[in-house]
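Please open the model in a viewer and keep a selection panel at hand.

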Amino acid sequence: MNRKFISKSNRVLRKILNSKENLDVLKDFIEAFLEIQIEEIKLNPYLKVKSNHLPSEENFGIADVRVRLKNQEEFNIGIQFIDGYYAQNKMLLYYAQIHANQLEYQDNRKIARTITINILDFNYLESEHYFNKIEIPSKMETTIELYVLELPKFMANSNKFFNKKEAWMTYLCGEVVEEIAEVLKRFNKIKKLDRLLEAYWKNEVME
């Protein structure tokens, strides 16, 4: 994993990306992996409102957003890093949290289809592919949709012809300096995130 994320990855990226000014980075990441075109993206207030009332901010993931596509379909999307044991429990609990928090908004919005993107720094699924979709039948209105991104399974493209998904994976893995440099040269939103991380660690103080 890119060493700039180390030290409570969810918390660091949440502090950096949960602002209107940086929604373009989240939008780029989501579009790359879900292969959708987002017309509008908004931060959901749940993380900020609830983070002071539960034991650990680490449980809240990186972001909780509402997106609207060009065809007007809406999604509730959560993104989190998972480490350690009990990956399945963490994925399901996070999904339930992100889906249920829609009741907190108090703005008469309809309950949208929920998707979570789970980033793992270890191999978990039997599939050889680094990016997989898990669908679980549910008594809720929609099927549970979990996307699982396993960093160790990704092999960086040495010929430097990255698509956007490969560029994000190369940056998240953070293993080959030359390939990351190429990504930062060609993909502006990833370069913006890199600048934000650099600034964060230069200015970070003990809390």
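This is a predicted model: local features need pLDDT of at least 70, side-chain atom pairs count only at pLDDT 80 or more; totals for chains, interfaces and linings use all residues.

**Aromatic pairs**

The structure contains six aromatic pairs. Select tyrosine 130 and phenylalanine 154 to begin: their ring centres are 5.1 Å apart and their planes stand at 80°, so the pair is edge-to-face. Tyrosine 130 belongs to the loop between β4 (113-120) and β5 (131-136), while phenylalanine 154 belongs to the loop between β6 (144-150) and α5 (164-173); the pair therefore ties together parts that are 24 residues apart in sequence. Both residues, tyrosine 130 and phenylalanine 154, are buried.

Next, select phenylalanine 131 and tyrosine 147. This aromatic pair is stacked, with 5.5 Å from centre to centre and 20° between the planes. Phenylalanine 131 is in strand β5 and tyrosine 147 in strand β6, 16 residues apart, and the pair links these distant parts of the chain. Phenylalanine 131 and tyrosine 147 are each buried. Now extend the selection to Phe29, Phe33 and Trp168, which ring pairs link with Phe131 and Tyr147 into a cluster.

**Nonpolar cores**

Which residues touch the most other members of the largest nonpolar core? Select Phe29, Ile30, Val65, Ile77, Ile79, Leu149 and Leu193, which hold that position among its 48 residues. Helix α2 (residues 23-34) supplies the largest share of this core, namely eight residues.

Centre the view on leucine 193. Leaving aside residues up to four places away in sequence, leucine 193 touches Leu13, Ile16, Leu17, Val25, Trp168 and Tyr171. Then move to a second, separate core of eight residues, among them Ala87, Leu120, Leu146 and Val148.

**Salt bridges**

The whole structure has 14 salt bridges. Select arginine 66 and glutamate 74, which form one with their closest N and O atoms 2.9 Å apart.

Continue to arginine 113 and glutamate 145, a salt bridge whose closest N and O atoms are 2.4 Å apart. Arginine 113 lies in strand β4 and glutamate 145 in strand β6, so this pair ties together parts that are 32 residues apart in sequence. Arginine 113 is partly exposed, with a relative accessible area of 28%, but glutamate 145 is buried at 3% relative accessibility.

Key. Residues are numbered from 1 along each chain as its sequence is written. Side-chain values use heavy atoms; hydrogens and water are left out. Rings of Phe, Tyr and Trp (its six-membered ring) pair if their centres lie within 6.5 Å; planes under 30 degrees apart count as stacked, over 60 as edge-to-face and the rest as tilted. Helices (H or I, at least four residues) and strands (E, at least two) are DSSP runs, numbered from the N terminus. Buried means under 20% relative accessible area, exposed over 50%, partly exposed in between (1.4 Å probe, protein chains only). A nonpolar core is a set of buried Ala, Val, Leu, Ile, Met, Phe, Trp, Tyr and Cys residues joined through side-chain atoms within 4.5 Å. Contact means heavy atoms within 4.5 Å. A salt bridge is a side-chain nitrogen of Lys or Arg within 4 Å of a carboxyl oxygen of Asp or Glu.
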